[in-house]
Amino acid sequence: IKGFSNDEAATFLAQVLEEKGLASRVPTERLEELGRRLGGNPRAIRTLVGSLKSDTLEDLLPAIPSLESIGDVVLAKELLDKFERDLIARTIPNLGDDVASFMRWLAVNRRPITKAYYAELAKIFKDSKALRASLFDRFFLELTQSGDQMHPLAREVCVTRLRLANPEWRKAHSLAADYHLQAFRSSQASPVRHVAASFSELRHHLVES
């Protein structure tokens, strides 16, 4: 999908800032410039707004692609991905230990996260509903028809960090494996497609744990 035009990007940025109560963080005269520097990409705009909850615009400006580096052509996807990845890596430590840990445990999932999986996760994180709400507030989670989808670059950052904490990595995958094992323990027949998908994910999580 093509990015927003400069006017559309400015309008979208203003709307998202207003929704999050952060309109005062960005001067009106800078909205169009920021939208253009982010290539009119709605996900990148949301990532920026989420970061403004803990950082000022002045602190974040050096990470935002400059107009001089992209000219008047198309913003390179790699440049935009690096911007989002850098902002996410900077934001996660400011979330608090509980939210950051909850996010890492979610990140082991390769498929959308369902209510049933959250029920399993509630055994580890007692405030899972509040933690989930915090991630939505930061645009790290997005609601889809299949379940909650994690921001792909946020998931990448979390998986990288979780791999370094071997015991937590194994426990997170073990819980995910237990969840997918339920499809084979159920007394009710499940669709073949669902069982096949569960087997694929079960095998993946067992190997990783």
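## Glu33 and Arg37

At 24% relative accessibility, Glu33 counts as partly exposed. This description rests on a predicted model. The salt-bridge partner of Glu33 is Arg37, and the closest N and O atoms of the two are 2.9 Å apart. Arg37 is buried, its relative accessible area being 10%.

Both residues belong to helix α2, which covers residues 31–37. Because Arg37 and Glu33 are 4 residues apart in this helix, about one helical turn separates them.

## Arg90 and Asp55

A second salt bridge, with an N to O distance of 3.3 Å, brings together the side chains of Arg90 and Asp55. This pair links distant parts of the chain, 35 residues apart. Arg90 lies in helix α6 (residues 77–91), while Asp55 sits in the loop between α3 (42–51) and α4 (57–60).

Arg90 is partly exposed, with a relative accessible area of 37%. Asp55, by contrast, is buried at 9%, a value under the 20% limit for that class.

## Arg132 and Asp148

The side chains of Arg132 and Asp148 also meet in a salt bridge, at 2.6 Å from N to O. Arg132 is in helix α9 (residues 128–137) and Asp148 is in strand β2 (residues 147–150), so their pairing ties together parts that are 16 residues apart in sequence. Arg132 is partly exposed at 29% relative accessibility, whereas Asp148 is buried at 2%.

How values were computed:
Residues numbered from 1 in each chain as written. Predicted model: local features only at pLDDT ≥ 70, side-chain atom pairs only at ≥ 80, totals over all residues. Heavy atoms only, no water. Salt bridge = Lys/Arg side-chain N within 4 Å of Asp/Glu carboxyl O. Helix = DSSP H or I, 4+ residues; strand = E, 2+ residues; numbered from the N terminus. Buried < 20%, exposed > 50% of the residue type's maximum accessible area, 1.4 Å probe, protein only.
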